[in-house]
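Trainee: I would like to learn how to read a model like this one, feature by feature. Could we go through it together?

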Number of protein chains: 2
Amino acid sequence: MPQKQESERVRRSPEQVRAAVHQAVVDLLSDPQGEELNIPAIAQRAGVNHTSVYRRWGSLDALLADTVTTRLERNSPLNDTGSLRGDLLAWARASVASIRTSEGRALVRAVVLSMPTGAQAPGERAQQFQRRMHSIEQIRQRAAARGEDPPPPEQILDQLVAPFYIRVIFGIDLPADGYPELLVDRLLGSGEGSGS
Amino acid sequence: MPQKQESERVRRSPEQVRAAVHQAVVDLLSDPQGEELNIPAIAQRAGVNHTSVYRRWGSLDALLADTVTTRLERNSPLNDTGSLRGDLLAWARASVASIRTSEGRALVRAVVLSMPTGAQAPGERAQQFQRRMHSIEQIRQRAAARGEDPPPPEQILDQLVAPFYIRVIFGIDLPADGYPELLVDRLLGSGEGSGS
DNA sequence: CCGCGGAAGCAAATATTTGTGCTTACGATG
DNA sequence: CATCGTAAGCACAAATATTTGCTTCCGCGG
């Protein structure tokens, strides 16, 4: 029998591979090195064979999208605070906390990066986007169920979501304290009575 | 001696090459094909040898940054309308008009794409960003000179600039009419008296 | 217990991108 | 008009990324 002494070739299960690769993506993206993000690098970092990555995901975009979706859907406890304002504040605070970590910033950048290339499918982009806005939509629906009158999604996008994204994209530091409160106040204060 | 009969090798001047390559970048970026954006593709599209591109720009990031800077600085007439609100409205309207064209969207995406990779240089990012915000800064200064009290740059970023960027990134259509007015109204209406 | 399908690993082939040496054209300058 | 510096083009080489064929292992149903 062939001595497998140094052939420590432990084959990991699909689940382990998936997790390891996802983690590698986030790691590489958070790393401040100017290293490029490509499949061989990811595979190496994850300790899996690059062919496995190619076969499973096919393209970097698909991998990014999958990573983002998986990670983001894992971190949305999204507890009900009892009021629209409370829920929005909780969301904004969680977002701030998230993008203060380099991993959080990496995820946001991954969202952005995974968007443009899949340009040939506008429907796909929309779908991706819907997923990102899902928590917001939930908050709106709960508010509506309570009889509150939540601002339209577009307004929440403009006044609450967009500021976070643009700061991550351009690498701008968040204002010190009270930023979530500031944004939510603006959002709820300005368009209060203005319906459609 | 090699016969150069059909060697219709017209060598274009540096300026022509520059322009052709810039145009190719924008074209490829606007094209709805899922084609990847890389230097060989750009060079081919521009009809120049790819080595010229490599030698002149060195990297895709540098090329993107150069393209963006050149194009954006060309399209900023930015005339003085006589009031802060007027200037902001003009800026917002121009932005809307710009990102209604696929070329305009391409430019914005190029801005975003050219950002992340230069991650090792936070100062470089900041500088890039400053350039993007230059017109806004001008508007603020003119307003200040008039005795008006313009909102701080951060607020303009959050309420005016960010919404445009996020819509381009996620490929969301702009609201029908009155969007510039809506954003500017929110901006000037909400934070009017609120100082720091 | 035995075979089967799925997926990971390995290795090698292929394709693509990036970089280099050299030649040649253009324009500026004397 | 001669010369020189710059930058484009070509051919080819090196480096990287992507794909493919095959083997091996794992879990599952017969």
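Predicted model: local features only at pLDDT ≥ 70, side-chain atom pairs only at ≥ 80, totals over all residues.

Trainee: Which residues come nearest to DNA strand D?

Mentor: DNA strand D has 19 residues around it, and A:Ile39, A:Thr51, B:Pro14, B:Val48 and B:Thr51 come nearest. Two or more residues of this surface come from each of these elements: helix H2 (39-46) and helix H3 (50-57) of chain A, and helix H1 (14-30) and helix H3 (50-57) of chain B. By residue class, the surface near DNA strand D has six nonpolar, six polar and seven charged residues.

Trainee: And which residues are closest to DNA strand C?

Mentor: The reading goes the same way. DNA strand C is surrounded by 21 residues, with A:Pro14, A:Val48, A:Thr51, A:Ser52 and B:Thr51 the closest. The residues near DNA strand C divide into seven nonpolar, six polar and eight charged.

Trainee: Now a single helix. What does helix H9 of chain B reach from its first C-alpha to its last, and what span is expected?

Mentor: Compare the end-to-end reach with the expected value, then look for bends. Helix H9 of chain B, residues 153-170, has 18 residues and reaches 24 Å, close to the 26 Å expected at 1.5 Å a residue. H9(B) bends by about 45 degrees at B:Val161, and the proline B:Pro163 follows within four residues. Just after H9(B), B:Gly171 has a positive phi of about 65 degrees.

Trainee: Is H9(B) mostly covered or mostly uncovered?

Mentor: H9(B) is mostly covered, with 15 of its 18 residues buried. B:Tyr165 belongs to helix H9 of chain B. This residue is buried because 23 other C-beta atoms lie within 10 Å, and the cut-off for buried is 20 or more. Leaving aside neighbours within four places in sequence, B:Tyr165 is in contact with A:Ile166 and B:Val108.

Trainee: Which residues have the most contacts inside the largest nonpolar core?

Mentor: The general idea is that, in soluble globular proteins, nonpolar side chains tend to be buried together. In this model the largest nonpolar core has 83 residues, and those with the most contacts inside it are A:Ala110, A:Tyr165, A:Ile166, B:Ala110, B:Tyr165 and B:Ile166. Apart from residues up to four places away in sequence, B:Ile166 touches A:Leu157, A:Val161, A:Ala162, A:Tyr165 and A:Ile166.

Trainee: Why does A:Ile139 count as buried?

Mentor: Count the C-beta neighbours, then look at the contacts. A:Ile139 counts as buried because it has 21 C-beta neighbours inside 10 Å. A:Ile139 lies in helix H8 (residues 134-146) of chain A. Beyond residues up to four places away in sequence, A:Ile139 touches A:Asp87, A:Leu88 and A:Trp91. A:Ile139 and A:Leu88 are 51 residues apart in sequence, with 7.3 Å between their C-alpha atoms.

Trainee: Where is B:Val111 found, and which residues does B:Val111 touch?

Mentor: B:Val111 is found in helix H6 (residues 102-114) of chain B. With 23 other C-beta atoms within 10 Å, B:Val111 is buried. B:Val111 touches B:Val68 and B:Arg132, not counting residues up to four places away in sequence. B:Val111 and B:Ala65 are 46 residues apart in sequence and 6.9 Å apart, C-alpha to C-alpha.

Trainee: What about A:Thr67: which residues does A:Thr67 touch?

Mentor: A:Thr67 sits in helix H4 (residues 60-74) of chain A and is buried, with 25 other C-beta atoms within 10 Å. Not counting residues up to four places away in sequence, A:Thr67 touches A:His22, A:Val25, A:Val26 and A:Ala110.

Methods. Residues numbered from 1 in each chain as written. Chains lettered and ligands numbered in written order. Near = placed C-beta within 6 Å. Nonpolar A, V, L, I, M, F, W, Y, C, P; charged D, E, K, R; others polar. Expected span 1.5 Å × (residues − 1). Bend = angle between axes of the 7 residues up to and from the residue. Buried ≥ 20, exposed ≤ 12 C-beta atoms within 10 Å, placed from the backbone. Contact = placed C-beta atoms within 7 Å. Core = buried A, V, L, I, M, F, W, Y, C linked by C-beta atoms within 7 Å.
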